[in-house]
Amino acid sequence: MPQDLLTMSGEEFSISNILKEDERIQDNPDLLEKILAVFDFTQYILDDDENLTKSANLNGNARTLLDKRIEELFLGDSD
Amino acid sequence: MISRLRLKNFRRFQDASISFDNGISYIEGKNNAGKSSLFMGIEYGLFGTVAGFRSQTALFAPQADKMGVEVIYEGKDGRTYRLQRMHERAGRSAKGHYTLKVKDGDTEKYLVSSDFEGSSEEMLQLQVFESLGISKRLFDVAVNIKQGEISSILEGTSQLDIVLGVSAATIAQKQLNAVALGFEKETSQYDLLANNLKQFENQRQQLELQSKSLGTEVETLQKQFDGLTSQKSEMTAKIDQFQQVLTPFSSYKSTIGNWDRDMQRIVDHTSQKEEVIKEAGDLPTLLKTLEERQEKVRGLTQQISKSEEERKKLQDSIRTQERKKGDVVGKVNRRKNLPEGEEPTCEECGSPIDMDRVKKELAQWELDLGDIELEIKKLEEQVASLSSEISTTRQEVQQTNQSISRAENLSRQLETLQGRENQLMKTFSETGELLMDQAVEIYESLQEYNETLDAEMRLKTTKPSVPETVNVDVEGDVLQARYMVDVFTPLFGGEQNRLNSERDTISVELRVQESKLRDKQTQLKNLKPGLEKLNLDISKTKGALSLLEKKRTAAQEMRTSAKVFKTLQEILRDRAASNLGTMTLRYHKELSETNNILDLRVDPKQYAIFVKPDDVGEEVPAFSYQGGGHKLLLGLAFKLAIVSFVTNPPFILLDEPTYGLDSGNKSNLFEKIGNLTKSQILLITHQRQADTGGTLFEIKKNGPVSTVEVVS
């Protein structure tokens, strides 16, 4: 088994690690956390075909859910 | 890894169970034997649906009303999970049930079940994802590798964008910008709200000053009011004290009234009694006279009895004489009326007698008759005399008895009067005693009164002199009591009136003060709603401003985040394309017997594969240029690269991956594929070409039903 290939599915491709390299948020762990949460939630929505249109865009309901989640994350508990 | 699969009434399987080991398992069988159904069973078990089947009813074995699948797998955490899922026909559709349990020691613990209230398919999927690390999409794109779809992936797939997170980054960027724009529009009102807040705060400041001033006034008025209330209470206490002193006086006056009444009753009674005594003498004299008369009656009665006895004797004598007279008359009549021819006989011996003797006897008898009649007359006179005497005596007895009766009546009347007198005297005495008790009470009350008010100069001059002791000489004490009542009542009453008047003055003042206080309190109270409304407006405006500030900050962060996501998309695409290209090439080198590709690149926009074959020497699209077998190997290598790149799945399903390969490549693939990944591999094939290790299962077709057998 080519061990060098198997390791490539690990740290290098981690979204978190990629984002940490971004200078705009390097000193803002709070924002990093929010961005990761938005990413995870979007990914969660995309994993369900029922949230997608035929052209693989988010349908209205899924978009509303995502907008609401974005507002929650960026406004904290004062929604 | 999947350790066990059970299918019941699922497509061709009535009830089949397969236990898998880690490593590679081969599933062989003829066409239409049901090999792919095993993978469908795994897909249905894990996700509840099977790609290409719109309804679960298509998965039912013929004539079956229900079907079910049980998947036992080892999770990422090393624990054993049992996932059971079944559907039963419900009209044209099917109703599903599911249960996911995890082994916990010797028992199994429920994680989620359709029987639990609040459970949902989403919760189950989340549990499956967390325990296995596979989502349905990843399963479709990379884990479940179907022969017919292997080559087509060389043209690229938009699904990979989703799996890699590029779609998520793109959509997140878009929605972050959209939400940020909305927030930015809202924050344009910030200045207007800030100005409103300033005005509200100025108004509040004015109201607070007004409120503070009124508060001070209310406080001062309240103190004055409390002081007056206290004075009034003291006055009331003093008045009550006087009342306590005066209350016994009132009772005392009442008792004196009773005493006077009792006295009058006694006077009236005495007068009545004296009239009786005047008529009959006093009781002892009356009783003596009564006794004498009774004695007289007894004597007269005895005398009557004696006379009556004597008269009876005389009457007996008269009757004796009458009998004698009768005898003599009889003898005379018998001599005179002797029948003719009959001889007279002796009246005593019956011997015949002569006429002379008859004549002599008649003469003698005539004389005897005269004597007898005389005697009778004399006796009758004596009887008449006695009868007269008796009658007179009886009259006298009757008169005496009448006088006795009257005397007895008077005696009883006197006794009654005496009893009444005793009663009156007793009442009179009790009233006197009560008078004394009350006098003592008054005395003690006065003592207390003096002690209490001794300090007050004005009262000192009129301090009443209180008797040291109270006499039991009722008449004298009553006089003294009357004096006390007459002297002290006006004195105390006057003081009480003075205090009442003073209290009334305070009451008036108190009402005036209370009115002022209420007025100011009302003014203060009326300020409150305005102040509360202002506070509410300020609070709301501050809240709105705070929210706008947050939104302003949030919008800035969202814009930054959107930019980050834009960069992320590019990085993900580039890195994924680069890594997938490298990995695909390496996998291909392992899988391909000929290994004729010099270089390989993945297009970061479409994820299409471009290769540089050694016979061409330049980059060409893999899908249009390569032959069927090469495309299959390249696609398989790409799939393996994707699955390894994105995650290390616990298992990979390969459905006919060798279909279309020449025997050399087929042998090579069978030899090497087991070593290309740490994941468990379940591989469907028509026929293995060599013994390449692993477990071999055979699906046997028996009419409409299929079974599974372990071959080696």
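**Salt bridges in the predicted model**

1. In chain B, a network of salt bridges links Glu70(B), Arg82(B), Lys101(B) and Glu108(B). Please keep in mind that the model is a predicted one, and that over all chains the structure holds 38 salt bridges.

2. One of these crosses between chains: the side chains of Asp47(A) and Arg137(B) meet in a salt bridge at 3.9 Å, N to O, with Asp47(A) placed in the loop between helix H3 (29–46) and helix H4 (60–75) of chain A, and Arg137(B) in helix H3 (residues 136–143) of chain B. Asp47(A) is partly exposed, its relative accessible area being 24%, whereas Arg137(B), at 3% relative accessibility, counts as buried.

3. Within chain B, Arg573(B) and Asp161(B) form a salt bridge in which the closest N and O atoms are 3.1 Å apart. Because Arg573(B) lies in helix H11 (residues 474–591) and Asp161(B) in helix H5 (residues 158–164), the pair ties together parts of chain B that are 412 residues apart in sequence. Asp161(B) has a relative accessible area of 11% and is therefore buried, the cut-off being under 20%.

4. A salt bridge also joins the side chains of Glu295(B) and Arg298(B), at 2.3 Å from N to O. Both residues lie in helix H8 (residues 283–336) of chain B, where Glu295(B) and Arg298(B) are 3 residues apart, about one turn of the helix. Glu295(B) is partly exposed, with a relative accessible area of 46%, and Arg298(B) is likewise partly exposed, with 44%.

Notes. Residues are numbered from 1 along each chain as its sequence is written. Chains are lettered from A and ligands numbered from 1 in the order in which they are written. This is a predicted model: local features need pLDDT of at least 70, side-chain atom pairs count only at pLDDT 80 or more; totals for chains, interfaces and linings use all residues. Side-chain values use heavy atoms; hydrogens and water are left out. A salt bridge is a side-chain nitrogen of Lys or Arg within 4 Å of a carboxyl oxygen of Asp or Glu. Helices (H or I, at least four residues) and strands (E, at least two) are DSSP runs, numbered from the N terminus. Buried means under 20% relative accessible area, exposed over 50%, partly exposed in between (1.4 Å probe, protein chains only).
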